[in-house]
Amino acid sequence: MWESESDSGVVGGGGREYGNGVLSSNKHAGVKTDGFELRGQSWFVATDIPSDLLVKIGDMNFHLHKYPLLSRSGKMNRLIYESRDPDPTILLLDDLPGGPEAFELASKFCYGVPVDLTATNISGLRCAAEYLEMTEDLEEGNLIFKTEAFLSYVVLSSWRDSILVLKSCEKLSPWAENLQIVRRCSESIAWKACSNPKGIKWAYTGKSPSPSTANNFASSSPKWKDPKDSGFYSSPSRNNNNNNQPVPPDWWFEDVSILRIDHFVRVITAIKVKGMRFELLGASITHYAGKWLPGLIKEGTPDEMSVSHGSNSSGGSSGPDWRGGLHMVLSGKPNGQHQQDSAPYLAGHGISPKDQRMIVESLISIIPPQKDSVTCTFLLRLLRAANMLKVAPALITELEKRVGMQFEQATLQDLLIPSYSNKGETVYDVDLVQRLLEHFLVQEQTEGSSPSRMSPYADAGIPRANSISGGGGNGGSNQNAKMRVARLVDSYLTEVARDRNLPLTKFQVLAEALPESARSCDDGLYRAIDSYLKAHPTLSEHERKRLCRVMDCQKLSMDACMHAAQNERLPLRVVVQVLFSEQVKISNALANTSLKESTTLGEAMGTTYQPMIPNRKTLIEATPQSFQARWAAAKKDINTLKFELETVKTKYVELQNEMEVMQRQFEKTGKVKNTSSSAWTSGWKKLSKLTKMSGHETQDMVGGEQVGVDHQPTRKPRRWRNSIS
């Protein structure tokens, strides 16, 4: 805190030293005043000199004098010079950062009235001083210098004041950003949050005790001490100054969670740069989401969740009352007298859907990339909120990939995400679960292709809870993860199968997405199929057979086979397959039992005893009577089907014979038609034969004479073509 030089010469030298938290100019403003007076919506200077300047900021009017402001504000100097209004000159400063409160403090400083600096008004006063151009060129130790010094040497050295100043910067954009107030406060908070908890001596809020502090989605707000004496607000059980309890690693969660989302992102980013563990970063994000989005992140059914609500899950009376950390009125008054602000900072008052969407998008963007930084339950609830609030598709896709990395940790309640599309085809978003399963399979395939790949945090000795990857046991862990996901998908299919609007194709595609090795038992899949058949009684025989193809009858347990054998909704072919597979299981079980008994008997007799393989009659006699009755009924149905098949074959043979007879008749009819057209052809053939014969005789006569005279070899006669056409 600072007190500058006054005419009385109390502070000498340069006129600057740590004082009692009071700011005043180093000389009188030329107008003697006892202070300011508020009359309705107007401020007046307590002096006999009439006002010649009227400044309007919003609904407030300031009746001032030109000279005190001209001597210390470059902007006021320029505006008054450019104004052509007669006295009193009227100026409108609606765009002044900090509003009437900041201008009131700046005006008092210009008149030499002591100004009380607190963590809640310093940022607005610093921005107002920059706006009014109250630089050192006009006066040494002007308002810019003194507010900047208070920020650097008082605020940034205090944990609580850094939080309060950053909170007060929410209404000062973009001035607070341009003046680096947000950046400096964020870095100060990050530096203190990354400190060793054993060395923390300052007060902090902490969180209410709960079984799981890191994964508490809607923790209640802490109770605050009376600030009458200390000026700090802290939980009684979390104040390290008052007791010797160890400081937990998450001591800073509650204090940081009061910040607006953009400032919270700045703080988390700064903490991440300084090397904070990703588990703590994820836990802080989870805590922030539970505080600002309790209706979207909390436990409960989708119908209980609302979009428009306050962010404070507790009542307004129990919420954190951020009225100031270092709030001391020291302008000639005893220490400990506090001026209560009329508008305390509370975390959230009826957040609009637009602001909720911005919060969700920001939280998605700052979640650490490591696999177990946040729980899968939190990711799925955040995904539910993202779909409800129509978050950007790119962010939803990124969030779906993150869920796919930890899909084996999900629960059925987390997957029951309502369908928020305008079509309203199904009650639950089955396509979303299909995409999550695809991302999981892609991730498992990637990890399986590089089994030697280790976690980048293994060398650092950081434990990874609920991790399924890393090390040489990667293949077995991946298989266990697939089996857990298979059970989860079967339970999800059983739940969504009751929806009458669920198409058969979607059910089948989701059921067949996992490889066969993921299911060691298909009881869950059979239960889902039975639920779908109950909810869709109008399915055709072909559709029911198509539905049952996703199930392997050989992977059903005894209880499931018993139920399936009596299930009238299943196709007959499936019932037969179930009975046959069960009969094979019984046969194998009896064979194994006989083999074990014979081996034991042989060892007891001391001889090699060859077991007798039971024949079909023995197996049937060992089968329970109820099962034999069902098997007899099934065999009767099989014989009926065989008889019908033979009848169809007989009809097919008869039709084939009739077709052959008709084909022969058709060929005969074709020959009669071709008789008249072949007469000319036969005549030409006869004529060609006669021509050949005459040609041969002539060649023989000529050839005989030539042989007798010249003794030359006989030339081969030229062949005539059969046709002259």
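This is a short walk through the predicted model shown above, from the overall fold down to a few single residues.

Hi everyone, thanks for coming. Let me start with the whole chain. The protein has 725 residues, and 44% of them count as buried. Its secondary structure comes to 26 helices and nine strands. If we take the contacts between residues at least 6 apart in sequence, 69% of them join residues at least 24 apart.

Now to the inside. The largest nonpolar core holds 152 residues, and Trp252, Phe264 and Phe407 have the most contacts within it. If you zoom in on Trp252, and skip residues up to four places away in sequence, you will find it touching Trp159, Ala193, Ile268, Ile271, Met276, Leu280 and Ser284.

Next, a look at one helix. In α22, residues 558-565, the buried positions include Ala560, Cys561, Ala564 and Ala565. These four sit on the same side of α22, because they cover an arc of only 135 degrees around the axis.

How many disulfides does the count give? The count is zero. As a reminder, a disulfide is a covalent bond between the sulfur atoms of two cysteines. The cut-off used here is 2.5 Å between the sulfur atoms. Take Cys553: the closest cysteine sulfur, in Cys561, is 7.7 Å from its own, so that is too far for a bond. Cys553 is also buried, at 7% relative accessible area. Cys127 is in no disulfide either, and the nearest cysteine sulfur, that of Cys169, is 6.5 Å away. The relative accessible area of Cys127 is 0%, so this residue counts as buried.

Is Arg126 buried or exposed? At 7% relative accessibility, Arg126 is buried. What does its side chain pair with? There is a polar contact, at 2.7 Å, with the side chain of Glu148. Setting aside neighbours within four places in sequence, Arg126 is in contact with Ile144, Thr147, Glu148, Leu151, Leu179 and Ile181.

Another buried residue I like is Gly404, with a relative accessible area of 0%. Gly404 belongs to helix α15, residues 393-405. Beyond its four-place sequence neighbourhood, Gly404 touches Leu436, His439 and Phe440.

Last, some backbone geometry for those of you who check torsions. Ser173 and Pro174 are joined by a cis peptide bond, with omega about 0 degrees. Pro174 is placed in the loop between α6 (159-168) and α7 (175-178). Then there are two non-glycine residues with positive phi. For Gln180, phi is near 65 degrees. Gln180 is in the loop between α7 and α8 (181-193), and it is partly exposed at 33% relative accessible area. For Lys390, phi is near 60 degrees. Lys390 sits in the loop between α14 (376-388) and α15, and is exposed at 51%.

Conventions:
Residues numbered from 1 in each chain as written. Predicted model: local features only at pLDDT ≥ 70, side-chain atom pairs only at ≥ 80, totals over all residues. Heavy atoms only, no water. Buried < 20%, exposed > 50% of the residue type's maximum accessible area, 1.4 Å probe, protein only. Arc of directions from axis to C-beta. Core = buried A, V, L, I, M, F, W, Y, C linked by side-chain atoms within 4.5 Å. Contact = heavy atoms within 4.5 Å. Polar contact = N/O pair within 3.5 Å; in protein donor to acceptor, adjacent residues only side chain to side chain.
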